[in-house]
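Hi,

Here is the structure I said I would pass on.

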Amino acid sequence: MKKISVINGPNLNLLGTREPGTYGTDTLEDIQVYLSQIAAREGVSLTFFQSNVEGEIVSAIQDASAFDGIILNAGAYTHYSIAIRDAIAAISAPVIEIHLSNVHAREEFRQTSMIAPVCRGVIAGFGKESYRLALLFFTVAQESEAQKR
Ligand code: DQA
């Protein structure tokens, strides 16, 4: 069974009440339940981690180094954390950077990602479906990529 780690960074524990016009009204738990239902159908095992602390996110990435993939919403750390970038570069598990909002349509500082260059890809702007689309890569697209090789 494929093992995927879903890691969420700072302030994502406040989803549901945090800027609902930007991030929607689903709580992080709602999103996790939604993803778990999809994962159960796909025969994928998901683990969930959220922290507001940069070093704890670094450790969660290291802990998932033997997983089949990581879906990472690093929140604001996306835009300036070299430590998280280095953790992603240090492991061979593919990491997909995701965002609920379309960061490219927002403030200029959100248009810089420290982590995108070391991620397998980036998905932004689809609300909770950003997580689902990343999961889809690990369940479907990754396999068809492997067959082509
Ligand atoms: C976010 C976008 C980031 O710029 C912001 O700091 C967040 C959430 C998103 O999911 O849209 O905390 O990662």
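Predicted model: local features only at pLDDT ≥ 70, side-chain atom pairs only at ≥ 80, totals over all residues.

Which backbone nitrogen does the side chain of S81 reach at 2.9 Å? The backbone nitrogen of I84.

Residues are numbered from 1 along each chain as its sequence is written, and side-chain values use heavy atoms, with hydrogens and water left out.

**S81 and helix α4**

S81 sits in the loop between β3 and α4. (Helices are DSSP runs of H or I with at least four residues, strands are runs of E with at least two, and both are numbered from the N terminus.) S81 is buried, with a relative accessible area of 0%. By buried I mean under 20% relative accessible area, by exposed over 50%, with partly exposed in between (1.4 Å probe, protein chains only). S81 also caps the N-terminal end of α4, with a side-chain oxygen 3.5 Å from the backbone nitrogen of A83. Both of these are polar contacts, meaning a pair of N or O atoms within 3.5 Å; within protein, one must be able to donate a hydrogen and the other to accept it, and residues adjacent in sequence count only if both atoms are side-chain atoms. Leaving out residues up to four places away in sequence, S81 touches E54, M114 and I115; contact here means heavy atoms within 4.5 Å.

In α4 itself (residues 82-90), the buried residues are I84, A87 and I88. They are on the same side of α4 because they cover an arc of only 100° around the axis, taken from the directions from the helix axis to the C-beta atoms. An α-helix has 3.6 residues a turn, so residues three or four places apart point the same way. A89 and A90, on the other side of α4, are exposed. The buried residues of α4 pack against α3 (54-63), β3 (69-73) and β4 (95-99).

**Strands**

Five of the seven residues of β1 (residues 2-8) are buried. β1 runs parallel to β2 (residues 44-50), joined by seven bridges, and N8 has Q50 as its bridge partner in β2. β1 also runs parallel to β3, with five bridges; there, I4 is partnered with G69. Strands count as paired if DSSP finds at least two bridges between them.

**Cores**

The largest nonpolar core has 23 residues, and L35, L46, I71, Y131 and L135 have the most contacts inside it. (A nonpolar core is a set of buried Ala, Val, Leu, Ile, Met, Phe, Trp, Tyr and Cys residues joined through side-chain atoms within 4.5 Å.) α2 gives the most to this core, with six residues. Apart from it lies another core of 19 residues, among them A60, A93, V95 and C119.

**Ligand**

The residues around the ligand include R18, Y23, H79 and S101, where around means that a heavy atom of the residue lies within 4 Å. Polar side-chain atoms of N73 and H99 each lie 2.8 Å from an oxygen atom of the ligand. For R110, a polar side-chain atom is 2.9 Å from a ligand oxygen.

Cheers
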